Amino acid sequence: MPKEAVRRKLGTGVLNRGDRLFFGITSAASYFAFILVALILVFLIAQAFPALKDQGLAFVYGSTWEVTPEKAVMQIGPMLYGSVLIALLGVLLATPMAIATAYLIVFILPKSPAKLATNLIDLLAALPSVIIGLWGVLVFTPIAQGWADFLHKNLGWIPLFATDKGTTSLNSSPFIAGWIVAVMIVPIITSVTREIFSQFDRELINGALALGATRWTVFRRVILPTASGGITGGVLLGLGRAIGETVAIYYVLQLSMKINFFQILEPRGGAIASWILSRFGEATEAEFHGLMAAGLVIFITTLVINLIANIIVNRAQPWRK
Amino acid sequence: MTISPVAAELRSEDVSVWFGERQVLKDVNLTFRANRVTALIGPSGCGKSTFLRTLNRMHELIPSAGLAGSILLDGKDIYDPSVNPVDVRMEIGMVFQKPNPFPTMSIRDNVLSGLKLSGLRVDNKDELLETSLKRASIWNEVKDRLGEPATALSGGQQQRLCIARSLAMNPKVLLMDEPCSALDPGSTRRIEATIEELSESMTIVIVTHNMQQAQRVSHETAFFLADENTPGGVVEFGSTEQVFGQPIDERTNDYVNGHFG
């Protein structure tokens, strides 16, 4: 009679002391990061609770913010919407720039100019956002206003580029804020994309060229589809930063509780983080809780976007097990 | 679309090659006759793969690459200033050492990828797909799974898929750079059988480190050698039978009999 095979327990045995220490430290570090995020979330929920209980669900979609000593109506709708709109605008503007830059650095430029370009772009990432905000309002706004005028004049019949009656100067708009955000996230997306491009399998490129591909068709049909998952990851990193961006937008955008859906040239928009910044200094007790609730909303929005992003990235690469 | 490939004669005249200041090949004169399989053999570093890449202008994609001499496809210089390198690569296909199917594409799309990459149009894609896969002897294995990703195939199948991909462009010449070096003996045998069939409709140049393979598949053999610190070149070129059976040069004799390399 054949003997029944007894399965042994695997993964047992003596662990080297160094390994034990290493394992302990790494798990402690990862737990620490996790616990920190959890604690922040708990703090936000606790602080936001009074306001959310008071305001109800309208806090998220309503568009009134009136705080008096007697009564506080706090609703964040236009700011939440504005945050997402500006972040999307920023990503839309930044992504092609970043991909083009990364392509240039990895595939076209000789070594030393490529290194220089890489360093310059990394330097851009190191600039404090307050500097970018000041540059945005002093230098960039007058320039971008010219672009906005051009778009409005020539393409004003498209609702996207229309403005309210009586609007004369096209500054402090989501359009300009979008550009500023784009400047801030281009380095992130470029650096991720550059990394992906530089690890790209040259044999695939050679294979395509040997079939009679041009530089453009190699990029379009081979490099871009293969790298798209990774690039999307970079874009989402950028999106995360764009949604939380505070000071720079605060400088260049006219915050308004009158919601601006898609007239991106209109000098009126929203951004939750900037709103918190603008109100925090003089906030009453009740308003403080309202602003904390706004913070919670941003936190959750970022979380949801990351979640959706993960699903997209995983679906985009069926060949990757 | 009917496949009516016209094999062409390919000839190198006084081809010398540089990487930067370093010359790696000197005065290579070889004629690859139409419908023949020519094997390029020689120890590593002798320049045979480099030479192969000059034959369809893949060589010049390396930034410091230099070249002298000419490559004639049916008498026409492929390095002539009036020639578009993209057109050259469509007429002279290439199969690489490591199978390199496009990972984002299905089996079907891989075979037809050359059309998209070069902007060519054909009327009957399905026919071209089937013909190309049949010529690469892989049709029976993949005909029921054409929509699956190419990476789901085994290494040997992937290499035959890459051959099919080249064949879909209907090349006059097919260059193969050690196409079996990453494959098991079974897959190697099948690719060798494919090479034999393909030679009926095209000219084939194959780089190989495998002496038995060279003897099995090729009609002619060129032996490349580079002495220390000197550029590589052709030591001996003749019918495969002669090069292996009665080599004229002593160095060829030593190499084919495994005394060095």
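Reply:

**A helix and its partners**

In α3(A), Ser83(A), Ile86(A), Ala87(A), Gly90(A), Val91(A), Ala94(A), Thr95(A), Ile99(A) and Tyr103(A) meet Phe219(A), Ile231(A), Val235(A), Gly238(A), Leu239(A), Ala242(A) and Ile243(A) of α8(A). Contact here requires C-beta atoms, placed from the backbone, within 7 Å. Helices are DSSP runs of H or I with at least four residues, strands are runs of E with at least two, and both are numbered from the N terminus.

This is a predicted model, in which local features need pLDDT of at least 70 and side-chain atom pairs count only at pLDDT 80 or more, while totals for chains, interfaces and linings use all residues. Residues are numbered from 1 along each chain as its sequence is written, and chains are lettered from A and ligands numbered from 1 in the order in which they are written.

Now the geometry. α3(A) and α8(A) pack at an angle of about 140 degrees, and their axes are 9 Å apart. That angle makes α3(A) oblique to α8(A). Axes are lines fitted to C-alpha atoms, for helices over the stretch in contact, and angles run from 0 to 180 degrees between N-to-C directions. Under 35 degrees counts as roughly parallel, over 145 as roughly antiparallel, 65 to 115 as roughly perpendicular, and the rest as oblique. The crossing of α3(A) with α8(A) is right-handed. Right-handed means that the near helix is turned clockwise from the far one by less than a right angle; anticlockwise is left-handed. The contact of α3(A) with α8(A) holds 12 nonpolar, four polar and no charged residues. Nonpolar covers Ala, Val, Leu, Ile, Met, Phe, Trp, Tyr, Cys and Pro; charged covers Asp, Glu, Lys and Arg; the others, Gly among them, are polar.

α3(A) has another partner. Helix α3 (residues 77-108) of chain A packs with helix α6 (residues 174-198) of chain A at about 40 degrees, their axes 5 Å apart. So α3(A) is oblique to α6(A). This crossing is right-handed. By class, the contact of α3(A) with α6(A) has 24 nonpolar, eight polar and one charged residues.

Back to α8(A), which also takes part at the chain boundary. There, 18 residues of chain A are in contact with 23 residues of chain B. α7 (202-210) and α8 (215-244) of chain A each supply at least two residues of the side that touches chain B. α7(A) gives the most, with seven residues. That side of chain A divides into 10 nonpolar, six polar and two charged residues. The model scores ipTM 0.90 and pTM 0.84.

Terms used: Contact = placed C-beta atoms within 7 Å.
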